[in-house]
Amino acid sequence: MSDAAQPTAAEVRAAAEAVKTALDRHLAAVERRSGEEDPAVYEAFNQLAAAAETYDELLYDRYDEVTPFEIPGDDSLPPYTGPEEPHAISVLIRRDYAVAEPQRLLAQARRVEAADAEAGAGLGEGVSGTMHGALGVLFGEFEPDEIASRHKEFGLEEGDSTLWVTASEEPADPGEWLESPFDHVDPEAVVCRFDVSAVFDEEDDEDGEDDEDGRDHGDHGDHGAADSDLDEDDDAEPLNVRDR
C-alpha cells in the first residue's frame with residue numbers, strides 16, 4: 001500500500017478508542033441482558049466485532065502489526081422475528097460433495113443412460129460421456145436424498161451441508177422465486193437450521209468430549225445450538241442444530 005493510501009496515526013488511534021467504547025457497551029449490555037437471545041447483546045456483539053476488525057485492519061495498514069483478537073465468523077442466527085403462526089414455510093438445503101471417484105460417477109451415469117435408452121426414454125447419445133453430463137443424468141434420475149444416502153456408490157464424498165427452515169405469512173406465488181431461489185433469505189425468519197461439517201468433529205476432538213456412540217459432539221453457534229439424533233444412517237455425521 002502506498003504512503004498516500006495508508007491510514008493516519010490519528011485514524012488508528014480513533015479506531016482503538018472505538019474498540020474501547022464498543023467493549024464498554026458490550027459489557028453493559030451483557031450485565032443488563034434479559035435472556036439468552038437478548039437483541040441488545042446481539043447488537044453490541046456485532047458492533048464490537050466490527051470495531052475490532054476495523055482497528056485490526058488499520059493497525060496492519062499503518063504499522064504492519066496485528067492484534068491477538070480473532071473475529072469469529074457470524075454463523076449464528078439473530079433472534080427470530082417471523083410470524084408466530086406461519087402459514088407457509090420454505091426449506092433451503094445445500095449439500096457439498098467432492099468428486100472422489102470420477103470413473104465410478106461416469107460408470108453409474110452410463111448405466112442409467114443405457115437403461116433409459118432400452119426403455120425408449122434416452123436423454124441423447126453420449127450425454128453421460130462428460131462429467132457435467134454425467135452429473136445431470138444422475139441428479140435427473142435420483143432424488144437428492146437418495147444421492148445423499150448412496151453418495152459413495154456415485155463416487156462422491158460428502159462435504160458440508162446445511163438445511164434452513166424459514167417461516168412466512170403466505171406461500172409464494174407459483175414461479176415467483178424460481179429465477180433466484182436462494183436470494184433474499186431473511187435470517188430473522190429462520191425457525192431452525194441443521195448443519196453438518198467435519199469441522200465440528202475437529203472442534204469436538206479438541207474438547208475431548210465423547211458421547212455414547214464414540215463420536216464427539218460439540219455446541220456450535222450462539223443461539224440455542226444443540227445436537228440432534230435425526231440421522232437414520234448409523235454412519236452419518238451428527239447434525240448440528242440451531243433451534244428456536
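Does G133 count as buried or exposed, and at what relative accessibility?

Author: Buried: G133 has a relative accessibility of 9%. The cut-offs are under 20% relative accessible area for buried and over 50% for exposed, with partly exposed in between, using a 1.4 Å probe and protein chains only. The areas come from the Shrake-Rupley method with a 1.4 Å probe, and for residues only the protein chains shown count as cover.

Some ground rules before we go on. This is a predicted model, where local features need pLDDT of at least 70 and side-chain atom pairs count only at pLDDT 80 or more, while totals for chains, interfaces and linings use all residues. Residues are numbered from 1 along each chain as its sequence is written, and side-chain values use heavy atoms, with hydrogens and water left out.

Back to your glycine. G133 sits in helix α4. Helices (H or I, at least four residues) and strands (E, at least two) are DSSP runs, numbered from the N terminus. Across from G133 you'll find L106: the two are 27 residues apart in sequence, with 8.9 Å between their C-alpha atoms.

L106 takes you into the largest nonpolar core, whose 11 residues are L105, L106, A109, V112, A134, V137, L138, F142, I147, F154 and L156. A nonpolar core here is a set of buried Ala, Val, Leu, Ile, Met, Phe, Trp, Tyr and Cys residues joined through side-chain atoms within 4.5 Å. Helices α3 (102-118) and α4 (131-141) each put at least two residues into this core, and α3 gives the most, with four.

Now zoom out. The chain has six helices and five strands, in the order α-α-β-α-α-α-β-β-α-β-β along the sequence. Of its 244 residues, 29% are buried. Among contacts (heavy atoms within 4.5 Å) between residues at least 6 apart in sequence, 67% join residues at least 24 apart. The accessible surface comes to about 16200 Å², and carbon and sulfur atoms account for 49% of that.

F182 counts as exposed because its relative accessibility is 58%. The C-alpha atoms of F182 and L92 are 7.6 Å apart, although 90 residues separate them along the chain. D64 is another exposed one, at 55%, in the loop between α2 (39-63) and β1 (88-99). Its phi is near 55°, a positive value in a residue other than glycine.

Last stop, the second largest pocket, with a volume of about 530 Å³. On a 1 Å grid over the protein atoms alone, a pocket is an open set of points where a 1.4 Å probe fits, with protein on both sides within 12 Å along at least five of seven lines; lining residues have an atom within 4 Å of a point. Points are joined across faces, edges and corners, and the volume is the space filled by probe spheres set on them. Its lining has 20 residues, with S90, T166, W177, P181 and H184 nearest the centre. Strand β1 supplies the largest share, five residues.
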